[in-house]
Amino acid sequence: MADKKAIITGITGQDGSYLAELLLEKGYEVHGIIRRASTFNTHRLDSIYMDPHEKPKLKLIYGDLAGSTTIGKIVREVQPDEFYNLGAQSHVRVSFDIPEYTCEVGAIGTLRVLEALRAHSSHTKFYQASSSEMFGKIQEPVQSETTSFYPRSPYACGKVFSYWITKNYREAYNMFTSNGILFNHESPRRGETFVTRKITMAIARIKHGLQKKLYLGNLDAKRDWGYAKEYVEAMWLMLQQKEPDDYVVATGETHSVREFLEESFTYAGLDWKKYVESDPRYFRPSEVDVLIGDASKAKEKLGWKAKTTFKELAKMMVDADIALVEKEVYGLNGKKSN
């Protein structure tokens, strides 16, 4: 039996890199769609990337969700068993600055993929990376698959479109399309402009005298934070079911940005109040105050449950960034660079 084939958009991101590793471990042939850039942005894939001449099971292909021609061509040629659509302009605050591009990629990009699959590979199982940000101004204290959406950013609005168009193609064309409504998930691979990684990287730089202040936005915002490496397993499990469906993936706990600051700085032996200041530029025009997910359906039907605690996640990220900065400061030979 031939190996399963999967396509991943957003493979160079946090989730994409963890998912690629998981699928390769399971024997998949993985095709990752990446945008052409003048600089290399594949560092998260360094541990699994091989020279194309060695017939690797990870293949990187140039493509862009902002254009339908290349997506259709890739789908037609690969004929994937599974397609994971993780690609997006995923920074919520930035989406207010570039709303058109955010929705072009995050909303219409999803439609382009679904159309490509419908036309060229209708047997493919499709996963859409939906987001807890869709709940926005929450309508229920705890959010589940039946909670109404009230998006509060261009990013979230685009994700709501993607959610419904994914569901629509399932019902209109009998395609296997599933939405994973993932609540915040972090890791040492999180982008450095996202608040958790911004905090842990600042801690590492402060400890080495490379940074004096950390500027943040709303410290009172509360989120349901889990570990990204565990969350990609839930993505895979959704596409192993007999029938497509939509699932919330979350820890069921909520913590404020202030709590993450406290936990991370205290673990590193620092008092965050001496280093952190508020900067209005990091506040959103419309805020999401609190999110907390009910993942009981994922536990019951997928057998999935979050394992890493909030404290463990914070410590993991602090340790990783301290090690990263030490490597930059001292280099591979252990000597401090000038």
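**Close-up views of salt bridges and positive phi angles**

Glutamate 104 counts as partly exposed, at 26% relative accessibility. Buried means a relative accessible area under 20%, exposed means over 50%, and partly exposed lies in between (1.4 Å probe, protein chains only). The model is predicted: local features need pLDDT of at least 70 and side-chain atom pairs count only at pLDDT 80 or more, while totals for chains, interfaces and linings use all residues. Residues are numbered from 1 along each chain as its sequence is written, and side-chain values use heavy atoms, with hydrogens and water left out.

**View A. Glutamate 104 pairs with arginine 112.** The two side chains form a salt bridge (a side-chain nitrogen of Lys or Arg within 4 Å of a carboxyl oxygen of Asp or Glu). The N to O distance is 2.4 Å. Arginine 112 is buried, with a relative accessible area of 17%, whereas glutamate 104 is partly exposed.

**View B. Lysine 73 and glutamate 77 form a salt bridge.** Their closest N and O atoms are 3.1 Å apart. The two residues sit four positions apart in helix α2 (residues 68–78), so about one helical turn separates them. Helices (H or I, at least four residues) and strands (E, at least two) are DSSP runs, numbered from the N terminus. Lysine 73 is partly exposed at 41% relative accessible area, and glutamate 77 is exposed at 54%.

**View C. Arginine 281 meets aspartate 279 in a salt bridge.** From N to O the distance is 2.9 Å. Arginine 281 is exposed, with a relative accessible area of 58%. Aspartate 279, at 13%, counts as buried.

**View D. A network of salt bridges links four residues: Glu133, Arg223, Arg284 and Glu287.** Side chains of opposite charge can pair when their charged atoms come close. A search of the whole structure finds 21 salt bridges.

**View E. Glutamine 79 has a positive phi.** The angle is near 50°, in a residue other than glycine. Most residues other than glycine have a negative phi. Glutamine 79 lies in the loop between α2 and β4 (82–85). Its relative accessibility of 30% makes glutamine 79 partly exposed.

**View F. Asparagine 174 also has a positive phi.** Here the value is near 55°. Asparagine 174 is found in the loop between α5 (154–173) and β6 (177–182). With a relative accessible area of 72%, asparagine 174 is exposed.
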